[in-house]
Amino acid sequence: MHPDSNLEKLMARYQEGDYAAATDLIERIGPQLHRFFLAQSQSRKDADDLLQETWLRIHKVRHTYRPSEPALPWFYAIARHVRVDHYRKSVWTAVGKRQLEAMTKELAADPRESHRSDALDVLLAPLSESEREAIEMMKVAGMSLEEVARATSSTVGSVKQKVHRAYKKLRVTVSAARFKTGQSEELS
Amino acid sequence: MKDQEIDGVLNNAGRAPHELAPEVLQRVADSIKPTLRPVRLLPPPWVMTCGLVLVCAAVSLAGAARAGFFGFEKMDMLERSLIFPALAILAWMAGSEFVHAKIPGSLRRISSGALLGIGTTALLIVFAFLFRDYRTDHFFSAGIACLLAGLLHAIPAALLGWLLLRRGLAVNSVSAGFAAGTLGGLAGVGMLELHCPNFQAAHVLVWHVAVVPVSGTAGALVAWTLRFRAGSRPYKRISPK
């Protein structure tokens, strides 16, 4: 049985129109998706909006989920789609540009809003967007290589390649951090 | 440093608790409540793939019926038994890929670009094996007419395919456009093989086969343009209730 079989059962009930199953799913998946958005968005408010936008999309296309398939990659595939849409809108529209500027100012003014101190974000900072995404899905959402491939609409081979490259970079980063820590300990 | 050590560092960092205000989740739940009702699921992927292959075959046959089955009549049994099954297999692969591109969270066995490469190469191999007339009479004039006719049939096949899968969601629209274009291109090649009596190797290898990559690329470009246009609309912020 799939480790997330409860998610699949809840999803089937959600498709049947069960509100309790829908709220259960929102409570279980919502925080994971929020973290996924927060890792690459400018502010918490932005991540909140993306989460709501994603759920509206999930709700609209809930008939596309197939009961025999794992549910988590399906959720992440839609979340990723919404995030890419949002990114494009932010970048390509004047409104988006103004919003981004305003957010940047907001962040500069209030450092508590920043989430960049999150240990995982700091660790994943040197990775490219696609590598970070694959690692986040595997380590935060606990997805397998196949599930990450499903969520990112790519092949297992391509995900393996991204993870391999990410580990290569992480090895350098973590070794350098340890070396620095060792040096400062020696000095003190 | 070993991979297990990196795993340990990542797992520790990933396990950090993530706080999310309950009001946010409640707002999400409230927003879907008014429209929550049972939904009709999508049919199984193989049914949708069958539908796409049938659309492909119908467009090819309709086109050839209007223009004449001159190519089919001129072919011998070996040519018929290799070309049409090869086209059917490739159409099945393209259809299956298209269906997976329209269902979020589907496992992709090959990328759409690879599919286009495989389709084009397979056709080149089959045609190179079968057609040994190396003359190049009216290479450009006859060739461009065939390419245009093929593309003209690729468009309705791709559009009908898109219409058939309209209830799906393409999370990667460029990839879906690639697959739809490839499928349409195969319908175009099917029509040309049924209709075109010009069996010169250069003509078939260049102009007939070109329908598939041109149509696939056009499909991807159209999808990219539509997505780009949709992406340039201002982002609508959902205000809290």
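## Interface and local geometry of chains A and B

Ser153(A) is found in the loop between α8 and α9 of chain A; helices here are DSSP runs (H or I, at least four residues), numbered from the N terminus. The model is predicted, and local features need pLDDT of at least 70, side-chain atom pairs count only at pLDDT 80 or more, and totals for chains, interfaces and linings use all residues. Residues are numbered from 1 along each chain as its sequence is written, while chains are lettered from A and ligands numbered from 1 in the order in which they are written.

**Backbone and burial**

Most residues other than glycine have a negative phi. Ser153(A), however, has a positive phi near 50°, and His138(B) has a positive phi of about 45°. The latter residue, His138(B), occupies the loop between α6 (112–130) and α7 (139–164) of chain B.

The table gives burial by the number of other C-beta atoms, placed from the backbone, within 10 Å: buried at 20 or more, exposed at 12 or fewer, and partly exposed in between.

| Residue | Other C-beta atoms within 10 Å | Class |
|---|---|---|
| Ser153(A) | 26 C-beta atoms | buried |
| His138(B) | 13 C-beta atoms | partly exposed |
| Met77(B) | 7 C-beta atoms | exposed |

Met77(B) and Gly185(B) are separated by 108 residues in sequence and by 24 Å in space, C-alpha to C-alpha.

**The interface**

In total, 60 residues of chain A are in contact with 49 residues of chain B, contact meaning that C-beta atoms, placed from the backbone, lie within 7 Å. Elements giving two or more residues to the chain A side include α2 (19–38), α3 (44–60), α4 (71–92) and α9 (156–187) of chain A. The most comes from α4(A), with twelve residues. By type, the chain A side divides into 24 nonpolar, 18 polar and 18 charged residues. Here Ala, Val, Leu, Ile, Met, Phe, Trp, Tyr, Cys and Pro count as nonpolar, Asp, Glu, Lys and Arg as charged, and the others, Gly among them, as polar.

**Packing of α3(A) on α2(B)**

α3(A) and helix α2 (residues 22–32) of chain B pack at an angle of about 30°, with their axes 10 Å apart. Axes are lines fitted to C-alpha atoms over the stretch in contact, and angles run from 0 to 180 degrees between N-to-C directions. α3(A) is therefore roughly parallel to α2(B), a term for angles under 35 degrees. Among the residues that meet are Leu51(A), Trp55(A) and Leu56(A) in α3(A), and Val24(B), Val28(B) and Ile32(B) in α2(B). The residues of this helix contact divide into six nonpolar, three polar and two charged.

How values were computed. Two residues are in contact if their C-beta atoms, placed from the backbone, lie within 7 Å. Angles under 35 degrees count as roughly parallel, over 145 as roughly antiparallel, 65 to 115 as roughly perpendicular and the rest as oblique.
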